[in-house]
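Hi,

Here is the model I promised to pass on.

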Amino acid sequence: MEELLPLIEREGIRVEIQSHPYDFCELNNETCDMVKSFRSPNLGYVYSSPHGFFYDEGKGDVRSMLKYAGDELTHVLFADTFNQTMDCRYIFETLREMDFASKQLKPDAPKAGGDNIACVSMFGFPEKMDKQAPEARERIERELLGK
């Protein structure tokens, strides 16, 4: 990153870093600390809800992880988890408390900035995508934007 960051900032590139199971940085707080340590207006943190169980070594304290990310949180991925007992209400509640939907990636980096991102990845049932994708978008808009 020390070599890439000057190029990223000069070119106005938006870079978002995600923790990922079995990757070089697996834990939420560890990855957030890395993003924060660079103090770059071009860097943000991606939280992937289906990996939440992994990000804090199995505790599953999503609220704590999202709050720890704080203003570095610029992108949230919602996805199916094959666990129908899980509900995203506590994720949406915390994102609303953080005012996630109205924030942007570092307004002081106009070339790389932009609205925070909430998106859905559904891997389990591609044959249901025509119905589930619009429903997921409506749910995100309702929960985060009050639409």
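To start with the sheet: in what order do the strands of the open sheet come, and is their pairing parallel or antiparallel? The order is S1-S2-S3-S6, an open sheet of 4 strands with parallel pairing. S1 and S6 (117-121) are the edge strands, each pairing on one side only. Neighbouring strands in this sheet are turned by 25° against each other on average, direction ignored. Helix H4 (residues 62-69) packs on the sheet, where it touches S2 and S3, and its direction makes about 170° with that of S2. Between S3 (residues 73-79) and S6, which run parallel, there are 5 bridges, and Val76 stands opposite Ala118 in S6. In general, strands of a sheet pair through backbone hydrogen bonds, either parallel or antiparallel.

Before you go further, some housekeeping. This is a predicted model, so local features need pLDDT of at least 70 and side-chain atom pairs count only at pLDDT 80 or more, while totals for chains, interfaces and linings use all residues. Residues are numbered from 1 along each chain as its sequence is written, and side-chain values use heavy atoms, with hydrogens and water left out.

The terms I use:
- Helices (H or I, at least four residues) and strands (E, at least two) are DSSP runs, numbered from the N terminus.
- Two strands pair if DSSP finds at least two bridges between them.
- Axes are lines fitted to C-alpha atoms, for helices over the stretch in contact, and angles run from 0 to 180 degrees between N-to-C directions.
- Contact means heavy atoms within 4.5 Å.
- Buried is under 20% relative accessible area, exposed over 50%, partly exposed in between (1.4 Å probe, protein chains only).

For the overall picture, the protein has 6 helices and 6 strands, and along the sequence they follow the pattern α-β-α-β-α-α-β-α-β-β-β-α. Of the 147 residues, 36% are buried. Among contacts with a separation of 6 or more, 72% are between residues 24 or more positions apart.

Next, the loop between S1 and H2, which holds Ser19. Ser19 counts as buried because its relative accessibility is 0%. Its side chain makes a polar contact (N or O atoms within 3.5 Å; within protein, one able to donate a hydrogen and the other to accept it, with residues adjacent in sequence counting only if both atoms are side-chain atoms) with the side chain of Tyr45, at 3.2 Å. Leaving out residues up to four places away in sequence, Ser19 touches Cys25, Thr31 and Val46, among others.

Tyr22 is in that loop too, between S1 (15-18) and H2 (28-38). Tyr22 is not a glycine, yet it has a positive phi of about 65°, and at 72% relative accessibility it counts as exposed. Arg39, in the loop between H2 and S2 (43-48), also has a positive phi, about 50°, without being a glycine. At 75% relative accessibility, Arg39 counts as exposed.

Last, H6 (residues 129-145). Ala136, Ile140, Glu143 and Leu144 are buried in H6. They cover an arc (of directions from the helix axis to the C-beta atoms) of only 80°, so they sit on the same side of H6. Asp130 and Lys131 are exposed on the other side. Gly146 follows H6 with a positive phi, near 70°.

Cheers
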